[in-house]
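Subject: Structure handover

Hello,

Here is the structure we spoke about, with the sequence alongside. My notes on it follow below.

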Amino acid sequence: MSLVRFDPQSDVRIQTDKVVTSTWSDNTNNLQSAYTSSTQTFTAATSSAQFYLNVYHKSPDATHHSNTPTDYSNDAEVQFSCGYGNKLGSGSPDFTNDTGSFGKSASRVVYGQYRQLVYGDENQNFTFGTHVPDDIYVINVNRARYKNNLALSTLSLYLTSSTDSGLNSVIHLTDDSISSNGAAIITNIGRQFNVVSGANGVHSGSSTVQVGGSASYGLYYPDAGLILLNPDAFYSGSGGSNVSGDGEETWPQLFPGRNPGLSTNTDKNPERLFHAISGAGHFIIDSEEIITSQYYFVRAKNYEFNYTTNPSFQDDNGNVNFTSMINNPKTYITTVGLYNDNNDLLAVAKMSQPVAKDPTKEALFRIKLDF
């Protein structure tokens, strides 16, 4: 075995590239159809759907909620989950109806969970622009769907809701990473951008504060696969606080129910968000991966690697068994091994076909390691 040490100046090259791919399963760019599972219900205060509602790209069963009730499949994968949090505990039933337990509900747990994740402070409330609502809508992209992080300026989310007049209102949301020139607030879970009305990372109008002159539509955390929406931005004109101040019932189906947590509570806010997304049928967001490639240039010069260390080429006395290897040696390179200073084999590169080598030839091999 012949070993040659690499020259770090001429033989080694490191390169870093960003690779952007579709986030959704099956390399789907636009998630136009979305499904939930019949196994998730709102039957009890502690049912899983009270905390989160998993959303699939194919129907996991024959009983589901969807804007296109077909395509039943056993290989359905979770794409994201919908949730709702309320710092007062409204919008979902209390765990118990005993004195002292009012407001202790799934929505309060969810709000506290994400507050702790983002801020690490149980007294810090979510602020959209300068507006501080009591609650949040949550879109949490499944961790298996993206690589290092979600890509900036690729968010394209449509939300829809039927108005009292029977018409469908649709809003187009994106992040403001282009408008902000990539400037972000750094939180415990990474960068924070605004969710705004617009496209391709650019907000419409002159400001990210697009609701009532004080609020944004939401917050975007690409490093954690998380989108938080401001429920007050979807004011229905009945109940709750009015950010827009116009009194119009633009989003009656998306504006959250904020009923107290009685056992009769049927707000099902995670489902309201799901219907707003699935009804619009347009959700694009890409995944970004940083790939570091290390290139090794292996040079077999004319005077190197012309003989073999295979023991069958010599007899017991050290004489060469093949006379052609004495004056006209010829070998074939099939494998290149990379070793550390302790002679431990770390990586192996195989040639697609043997490369002939003799004193009249030189060879150059480029080996690429991605990590």
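The residues that line the largest pocket divide into 23 nonpolar, 10 polar and seven charged. That makes 40 lining residues, and those nearest the centre of the pocket are Ser-2, Leu-3, Val-4, Phe-305 and Gly-337. The space inside comes to about 1300 Å³. Please keep in mind that this is a predicted model, and that every value in this email is computed from it.

Which strand gives the largest share of that lining? It is strand 15, with nine residues. At least two residues each come from strand 14 (286–300), strand 15 (331–339), strand 16 (345–357) and strand 17 (363–370).

The second largest pocket has a volume of about 200 Å³. Its lining consists of Tyr-119, Thr-127, Gly-129, Asp-176, Ser-180, Ala-183, Ala-184, Ile-185, Gln-192, Phe-193, Asn-194 and Leu-219. Six of these residues are nonpolar, five are polar and one is charged. Strand 9 contributes the most here, with three residues.

Now the chain as a whole. The protein chain holds four helices and 17 strands. It has 371 residues, and 44% of them count as buried. The accessible surface is about 18800 Å², with 47% of it belonging to carbon and sulfur atoms. If you take contacts between residues at least 6 apart in sequence, 63% of them join residues at least 24 apart.

Next, the nonpolar cores. The largest has 37 residues, and the members that touch the most others are Phe-80, Ile-139, Leu-159, Leu-229, Ile-277 and Phe-283. At least two residues of this core are supplied by each of the following: strand 2 (53–56), strand 3 (78–86), strand 4 (135–141), strand 6 (156–162), strand 7 (168–175), strand 9 (190–199), strand 12 (226–229) and helix 3 (269–280). Helix 3 supplies the most, namely four residues.

Setting aside neighbours within four places in sequence, Ile-139 is in contact with Phe-80, Ser-81, Leu-157, Gly-225, Leu-226, Ile-227, Leu-229, Leu-273, Ile-277 and Phe-283. Another core, of 13 residues, lies apart from the largest one, and its members include Tyr-111, Val-118, Ile-136 and Ile-189.

Asn-86 sits in strand 3. Is Asn-86 buried or exposed? Its relative accessibility is 2%, so Asn-86 counts as buried. Not counting residues up to four places away in sequence, Asn-86 touches Ser-107, Arg-108, Tyr-111, Asp-134, Asp-135 and Arg-258. Between Asn-86 and Ser-105 there are 9.0 Å from C-alpha to C-alpha, and the two are 19 residues apart in sequence.

Two residues come up for their backbone angles. Most residues other than glycine have a negative phi. Asn-200, which is not a glycine, has a positive phi near 55°. Asn-200 is placed in the loop between strand 9 and strand 10 (202–203), and it counts as exposed because its relative accessibility is 58%. Lys-268 also has a positive phi, of about 45°, without being a glycine. The loop between strand 12 and helix 3 is where Lys-268 is found. At 34% relative accessibility, Lys-268 counts as partly exposed.

Pro-260 is in the loop between strand 12 and helix 3 as well. With a relative accessible area of 53%, Pro-260 is exposed. How many residues along the chain lie between the positions of Pro-260 and Ser-90? They are 170 residues apart, yet their C-alpha atoms are separated by 4.9 Å.

Thr-360 belongs to the loop between strand 16 and strand 17. Its relative accessibility of 70% is why Thr-360 counts as exposed. Thr-360 and Asn-306 are 54 residues apart in sequence, with 9.8 Å between their C-alpha atoms.

Regards

How values were computed
Residues are numbered from 1 along each chain as its sequence is written. This is a predicted model: local features need pLDDT of at least 70, side-chain atom pairs count only at pLDDT 80 or more; totals for chains, interfaces and linings use all residues. Side-chain values use heavy atoms; hydrogens and water are left out. A nonpolar core is a set of buried Ala, Val, Leu, Ile, Met, Phe, Trp, Tyr and Cys residues joined through side-chain atoms within 4.5 Å. Buried means under 20% relative accessible area, exposed over 50%, partly exposed in between (1.4 Å probe, protein chains only). Contact means heavy atoms within 4.5 Å. On a 1 Å grid over the protein atoms alone, a cavity is a set of points where a 1.4 Å probe fits but cannot get out, and a pocket is an open set with protein on both sides within 12 Å along at least five of seven lines; lining residues have an atom within 4 Å of a point. Grid points are joined across faces, edges and corners, and a volume is the space filled by probe spheres set on the points. Ala, Val, Leu, Ile, Met, Phe, Trp, Tyr, Cys and Pro count as nonpolar, Asp, Glu, Lys and Arg as charged, and the others, Gly among them, as polar. Accessible areas come from the Shrake-Rupley method with a 1.4 Å probe; for residues, only the protein chains shown count as cover.
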